[in-house]
Amino acid sequence: MEAIRAAILQGAPPAEIANLPLPEAYRAVVVRKGDVEAWAGVPAADRDPAKGLHIDEAPLPPLAADEVYLAVMASSLNYTTVWSAISHPVPTFGFLRRLGEPHDRPYHQVGSDAAGVVIRAGAGVRRWKVGDRVVVNPNQVDAEDPSAARVWGYETNFGGLAELAVVRASQLMPKPAHLTWEEAASVSLCASTAYRMVVSRNGAGMKQGDIVLVWGATGGVGGFATQFVLNGGGRPVGVVSSPERAARLRELGCEHVIDRVAEGYRFWRDEHNQDESEWRRLGARIRELAGADPDIVVEHPGRETMGASVYVTRRGGTIVTCAATSGYLLQIDNRHLWMRQKRLVGSNLADPVEANAANDLIGRGVIRPTLSTVYPLDRTPEAARDMRDNRHAGKLGVLCLAPRAGLGVEA
Ligand code: NAP
């Protein structure tokens, strides 16, 4: 990989890169199949993601006709990798077994974002060629079943947290030229997810002037959702958990900020019962800040917040959800949903059209990366732990072949 790294850093022409030999192996962040059983009996909350990830030498996988080998300059942390690392809610090896060869291996090369350079293209690849600088849409559509899509590097092998990744050509998008490698690698998954949730008709289809409650508004999904709301003429009400994050959110341009810790919301009275007076208190606070109930709620914490989200949404409004970080068995008061004709919409990643639309907006500089910390590849386990413990703000970048941060800007 050293020769490939050097050639890319020196700006070698595509023909030179195409003539470099491929490595027999490369460094990759993996989950080992043998580790899965060790988690048996350990509650998910006590599983340390750092213990589930290893930096191993991975052998070069085969390349299909519709795929490329990507020399990965940088990647970023997503929750997919936390879930893979702790084998929760399911071990990811089941996905790989069902997908079959060559994905079904005793290791899982994880990671669902990447920015890098195409170093080989399969025989059937038309649009992309060696030397192209690209980012990856992590939504891998199943060409044999249009209703199915997979998260690359979570439900497939050979993902982005490595020096080399295998990517379907249909997932590639041009790297925004003005971004560094690590900035470019930090946007695709969360920005495209937020685009579908907020902007697309497949999600909430936000209109000008809509009030949008965004949970975790400085996090991965939330940081981009807030920007899409502002960019589309909506009015975000962002929820965060510290004064530092409140300041960061204001810097993004969000005027209405709720610090959920400082304001002490406790939506669950005990393990089984929620406290509707706390839902009302949140609703009153949103009205006080924004002047009305939210037209849209961007949901992803799940169990902790969904009851409140359904309650505070205005009559006829939309709750759009892509996750359940705090637990997926939800409790809502359904009367608030049906009597007030609200919609609860499930949303997963983004289709290729949505992902490219989001990437275009990033390329034009109207949606900005939210990178806060950058780790070298061998500290990825620590980064995953920080993410699970909610110690980070924005996105966490990982340098793969890039020797340091700040490289890769073309314009
Ligand atoms: P992230 O960067 O960790 O941000 C999540 C934010 O949620 C945190 O910053 C935190 O903000 C807030 N949060 C965490 N626990 C909370 C709780 N109990 N109550 C209220 N807020 C809480 O993660 P992310 O990348 O945005 O991902 C968020 C979730 O979406 C993950 O579960 C991930 O797997 C999922 N996801 C799904 C898709 C999809 O397409 N289905 C795509 C991307 C991500 P504060 O503490 O500041 O409030």
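**Strand 14 and its surroundings**

Author: Strand 14 and strand 15 (residues 318-321) run parallel and are paired over four bridges. Two strands count as paired if DSSP finds at least two bridges between them. Strands are DSSP runs of E with at least two residues, helices are runs of H or I with at least four, and both are numbered from the N terminus. One of the meeting points is Val298, whose bridge partner in strand 15 is Val320. Between these two strands the chain passes through helix 11 (residues 306-312), and this β-α-β crossover is right-handed. Right-handed has a set meaning: with the strands pointing away from the viewer, the path from the first strand over the helix to the second runs clockwise.

A word on the source. The model is predicted, with local features needing pLDDT of at least 70 and side-chain atom pairs counting only at pLDDT 80 or more, while totals for chains, interfaces and linings use all residues. Residues are numbered from 1 along each chain as its sequence is written, and side-chain values use heavy atoms, with hydrogens and water left out.

Back to strand 14. What lies on its other side? Strand 11 is joined to strand 14 by three bridges, again in parallel. Here Leu213 has Val297 of strand 14 as its bridge partner. Strand 11 (residues 211-214) also runs parallel to strand 12 (residues 235-240), with four bridges between them. Val212 stands opposite Pro236 in strand 12.

Now widen the view. Six strands make up this open sheet, with parallel pairing, in the order 13-12-11-14-15-16. Strand 13 (256-259) and strand 16 (343-346) are the edges; each has a single partner strand, so one side of each lacks a neighbour in the sheet. From one strand to the next, the twist averages 20°. Such angles run from 0 to 180 degrees between N-to-C directions, along axes fitted to C-alpha atoms.

Are the two faces of strand 14 covered or open? Both are covered (residues 296-299). Ile296 and Val298 lie on one side, Val297 and Glu299 on the other, and all are buried. Buried means under 20% relative accessible area, exposed means over 50%, and partly exposed is in between (1.4 Å probe, protein chains only).

Next comes strand 15, which holds Thr321. Thr321 has a relative accessible area of 16%, so it is buried. Which residues does Thr321 contact, leaving aside neighbours within four places in sequence? They are Met197, Glu299, Met306, Leu344, Val345, Gly346 and Ser347. Contact means heavy atoms within 4.5 Å.

Cys322 is partly exposed, at 23% relative accessible area. The closest cysteine sulfur to its own is that of Cys190, 8.1 Å away, which is too far for a bond. Cys400 is in no disulfide either; the nearest cysteine sulfur, again in Cys190, is 16 Å away. Cys400 is buried, at 4% relative accessibility. The structure holds zero disulfides, a disulfide being a pair of cysteine sulfur atoms within 2.5 Å.

Look also at the loop between helix 12 (334-338) and strand 16, where Gln341 is placed. Gln341 is not a glycine, yet its phi is positive, about 50°. With 62% relative accessibility, Gln341 is exposed.

Where does this part sit in the chain? An automatic or database domain assignment sets the bounds: domain 1 is 2-187 + 369-399, and domain 2 is 194-346. Their centres, taken over C-alpha atoms, are 30 Å apart. Domain 1 gives 16 residues to the contact and domain 2 gives 11 residues.

Three strands form an open, antiparallel sheet in the order 2-1-4. Its edge strands, strand 2 (54-59) and strand 4 (107-109), each pair on one side only. Here the twist averages 60° from one strand to the next. Strand 1 (residues 25-32) and strand 2 are joined by six bridges, and Arg27 stands opposite Glu57 in strand 2.
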